[in-house]
Structure formats: C-alpha cells, structure tokens
Amino acid sequence: MNVPASPSDEQRAQRIRRGNLREVARQAASLHQHLPDAFRRDVASGRYSRRQWAQASLFATIGTLLAMLVPGFSSAMQAPQHAPLTTMSLSLPPLARARQAAVPGDSWQTVTVASGQTLGAIFEQLDIPAATMHRLLDAPGAKAALTRLKPGAQIGFDLPLLSDGRTAPLRALRYDRGDTQRVELSLVGDTVAEKVIERPVEIRSTVISGEVGRSLFHSARRLGLSGSNINTLTDEIFKYDIDFNSDVIRSDRFSVVVDQVWREGELIRTGPVQVATFTAKGKLHTGFRYERGGKAEYFTAEGRPLKKSFIRMPIQYARLSSKFGSRRHPVLGTMRMHNGVDYAASTGTPIMAAGDAQVQFMGWKGGYGRTVILDHGRGHTTLYAHMSSFANIRQGQRVSQGTTIGRVGSTGLATGPHLHYEFRVNGVHRNPLQHTMPEPEPLKGADLAAFRAQTGPALARIRTVENLIYAQVDGDGDDTRVAATTRPAKGAGRG
Ligand SMILES: [Zn+2]
C-alpha cells in the first residue's frame with residue numbers, strides 16, 4: 001500500500017474522470033431518447049405524476065449539462081494526458097494537482113510501464129545514468145524481472161528532491177515479484193542491497209450478480225468481472241442459447257461465481273468463471289466449469305458439455321462458393337462429385353479446427369495442395385485444402401476447437417483462394433452443412449459424481465445472493481431505476 005503517489009495516479013484519476021464524463025453523456029443521451037415515449041404513454045392514460053415532472057426537469061438539466069459538455073468533448077478526449085480538462089462542471093473529485101508539484105521530501109516516484117517501453121527508456125526519462133541501471137541489473141534476479149516488464153507493471157524510484165528543486169541520485173528501486181512480493185533494491189555505496197517485502201494475498205470465492213442494464217459488458221465490468229470473464233459468458237457458456245445482440249433486455253439478470261485475488265484491500269485479479277447463470281426472457285440458463293482429464297470445460301447442470309462437438313463453418317467472414325454434390329470441376333471441366341464444400345475468402349484468412357482433434361496429416365496432397373486432416377475420434381475426420389500456409393501445429397498434436405490450423409490460399413488445383421472443407425464419418429464423405437453432428441460426450445462415472453457434488457452448493461450460493469440483492473431492489477421503489485424501467489423497443493417484438 002505504500003507505493004508512493006506520483007504522476008501516474010493523476011493519469012489514472014484523469015482516465016476515470018473521462019470515463020465518468022463519457023458515461024454521464026451516454027446516460028443523458030439514452031434518457032433523452034426514451035423520454036418522449038414515456039411521456040406520450042402517460043399523457044394518453046391521463047396520468048401525469050409529480051414523479052414524472054421531477055424526471056422531466058431532471059432530463060432537462062442533464063440535457064443542458066450535456067450541451068455544455070459536448071463542445072469541448074472530443075478535444076478533451078484527445079488532449080494529452082497532462083493537459084488539464086476545462087469542461088469539468090460536474091461534481092467530480094478534484095484533480096490531485098498538488099501531487100504532481102514537487103514537494104521536498106516526497107522522494108518516491110512510480111512509473112507505469114507503457115507498451116513497448118524498455119527499462120533503459122524509463123531510466124533515460126528520469127535522467128538516471130545508465131551505469132546506475134546496470135549496477136541494479138547485476139543484483140541477483142533483477143535482470144530476469146526487470147528486462148521482461150509487462151505493460152502496466154509499476155516500478156518505484158526513490159529520487160529525493162533537494163530543497164533547491166534538483167533531484168538527488170537514485171537511492172532505491174522497487175518492483176513487484178509475482179503477486180505476493182515487492183523487492184526493494186537500495187544503492188549503498190558500491191553495493192546493491194535487496195529487501196523483500198511480503199504482501200499476503202487472499203483468495204475469495206465471490207458471487208457477482210447484476211442486471212444487464214445498458215450493456216452487459218459495462219455492468220459486469222463495474223461489478224468486478226474481467227473482460228475475459230465476460231467473453232467466457234458470451235462466447236463460451238451462453239453463446240449457443242442466447243443471442244446477446246437481440247435476446248437480451250435491461251432487466252435480465254446474471255450471476256457469476258469467481259475466485260478473486262485480493263491484496264491489501266485491493267482486487268488484483270479475477271480467476272475464471274466457475275459457475276454462471278443468466279436469465280433471458282424469463283428462462284434460466286446455467287453453466288458450470290469442470291476439469292475433465294485436466295481440461296476445463298463448461299457443462300449444463302446435468303453434466304452435458306455446453307460446447308457443440310463441431311462448429312458449422314471452420315472459417316469466419318467467408319462466402320459458401322460451392323456446395324456438396326455432383327458438379328462440373330472448375331479446373332478439369334469434367335463432371336465430378338464434389339466431396340466437400342468451398343468457402344471463398346481472401347488469401348491469409350485463418351482456418352479453424354472444426355472440433356477438438358488430433359492432427360492426423362499436414363503436408364502437400366496432390367490437387368488439394370497444402371492440406372490438414374484432423375481426427376476428431378469416434379470415426380470423424382475433417383480435411384482442409386488449398387492452404388497458403390500452415391499454422392504453428394505439428395502432426396500428432398492435439399488441437400482445440402477454434403484453433404487456427406492454417407490460412408486460406410489457392411495451392412493445388414484451385415482457380416482462386418478458397419477453403420475446400422471435407423467432413424468424413426468412418427471414411428464416408430458427408431455434407432457438413434446437413435449432417436447431424438454427434439453430441440459431445442457427457443460426464444460419466446467419477447467425473448459426474450464429483451461434478452454433482454460441486455454444482456448443488458454453488459447454485460445454492462447464487463440463489464442466496466440473488467435473494468438478498470433483488471429482494472432489496474424490488475422493495476426500494478423504482479425511483480432509482482428510471483432508466484432500467486424503460487425497455488428498448490426491440491425487446492418486445494421477438495417471440
Ligand atoms: Zn472444393
């Protein structure tokens with residue numbers, strides 16, 4: 001916690017303030033948009049409560065505020081970090097400008113590593129001689145830790161300010177080793193002394209529950225889910241059952257169990273989604289994480305995998321250019337059976353493994369050109385031809401569904417860049433667009449028993465939390481949920 005205050009704190013504060021500003025603008029815009037509808041309805045029914053009038057004036061106020069903010073908005077967004085924002089008429093926390101001003105005795109400066117920034121560049125920026133940097137790097141373990149800095153990592157520099165405003169030579173440097181240790185290297189005469197400060201972490205299994213609101217991403221982020229957690233919800237767990245572009249409305253609820261790593265009162269990391277529930281159109285969807293054979297997957301409450309065994313198209317953003325069946329061969333000119341389907345796409349478009357598999361063949365295969373064959377088990381194989389290049393895979397290697405295995409090209413007998421894709425069951429070619437794909441293997445035996453033992457208590461925890469949160473919200477009256485009660489029009493049209 002004793003990381004010293006520094007310009008980076010101010011940068012963060014500015015970032016947060018800009019975010020707030022953007023949010024206010026967005027909310028104002030959306031309230032504005034819903035206003036006429038809400039009013040028409042109430043005027044028609046003859047009810048026009050005091051609350052509505054109060055809201056009307058609130059909308060007006062926000063509208064005015066927005067008008068005030070907008071002119072300076074885009075330029076403020078692009079302003080360099082150190083330029084003060086001038087359009088701050090909201091009651092936001094004041095800028096901590098005093099922190100940036102040089103105060104004698106305030107000796108620690110924290111630098112947040114920018115993308116592509118080297119340690120040498122940081123030292124140069126702070127006017128610290130390269131010789132000092134090399135002395136520090138000679139300390140055991142320092143080189144490995146400091147030369148492989150990730151963007152966002154923080155380094156503390158003890159640079160005492162002298163009373164005449166100049167900076168004294170570097171006294172010490174701090175960096176974090178893993179989540180639990182902070183290393184301090186002090187320059188004492190010709191030697192470098194290392195001190196390790198232990199920083200205990202605590203792992204908490206947490207239920208995070210909320211309503212979708214304006215956007216699932218926004219609400220979930222605000223509640224503490226990571227971007228990767230949210231991707232897991234939308235692209236892995238619920239993608240087969242919920243269309244997040246059209247099925248979801250503001251009042252839909254989600255609850256997620258995750259492990260959070262806390263240190264000194266600060267959330268530093270959120271683990272993978274353990275359990276997730278989502279209520280869309282009044283229907284409850286659930287997904288549970290379970291490691292089968294060392295590999296994590298998501299399952300239904302009954303232990304069936306949520307993931308389909310095959311994706312329909314092993315390529316994104318492509319056009320079906322030739323169907324399965326008898327046709328005249330475009331190069332040979334004769335009538336021939338087309339044993340697969342063709343997808344036209346530009347050279348270099350990634351080709352994905354249609355399902356979990358083992359690489360059975362990769363290499364040149366006559367008219368097929370550069371080809372990959374995947375063995376999915378249970379007699380199922382897929383073939384991908386005319387590739388311009390292979391991805392970084394080896395024969396015999398296991399690949400997961402969606403892994404890039406190569407790129408579109410026109411090698412072999414091909415008139416233009418396309419993917420020729422074949423699907424075989426026990427050696428017989430099948431139309432991948434019509435064939436009923438096999439169900440993925442459900443959990444069985446010991447796995448199923450272990451899975452069952454986890455799911456019950458997890459669901460019970462979610463239910464307890466939901467009862468707590470939503471019982472309160474529902475009893476609170478709806479004055480605080482003005483935006484939430486106004487549903488987007490498209491929510492009603494679907495059935
Ligand atoms: Zn073809």
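A: Two strands pair if DSSP finds at least two bridges between them. Strands (E, at least two residues) and helices (H or I, at least four) are DSSP runs, numbered from the N terminus. The model is predicted: local features need pLDDT of at least 70, side-chain atom pairs count only at pLDDT 80 or more, and totals for chains, interfaces and linings use all residues. Residue numbers start from 1 along each chain as its sequence is written.

Start with strand E7, residues 253–263. It pairs with strand E6 (residues 201–211) in the antiparallel sense, over 11 bridges. Val-258 in E7 has Thr-206 opposite. E7 also runs antiparallel to strand E8 (residues 266–280), joined by 10 bridges. Here Val-256 faces Ala-276 in E8 across the pairing. E7 and E8 make a hairpin, with 2 residues between them. Glu-264, in the turn, has a positive phi of about 45°. In a regular strand, side chains alternate between the two faces of the sheet.

Now the wider chain. It has 11 helices and 23 strands. Of its 495 residues, 19% count as buried, that is, with 20 or more other C-beta atoms within 10 Å of their own, C-beta atoms being placed from the backbone. Contacts are residue pairs whose C-beta atoms, placed from the backbone, lie within 7 Å. Among contacts between residues at least 6 apart in sequence, 61% join residues at least 24 apart.

Technical notes. A residue is buried if 20 or more other C-beta atoms lie within 10 Å of its own, exposed if 12 or fewer, and partly exposed in between; C-beta atoms are placed from the backbone. Two residues are in contact if their C-beta atoms, placed from the backbone, lie within 7 Å.
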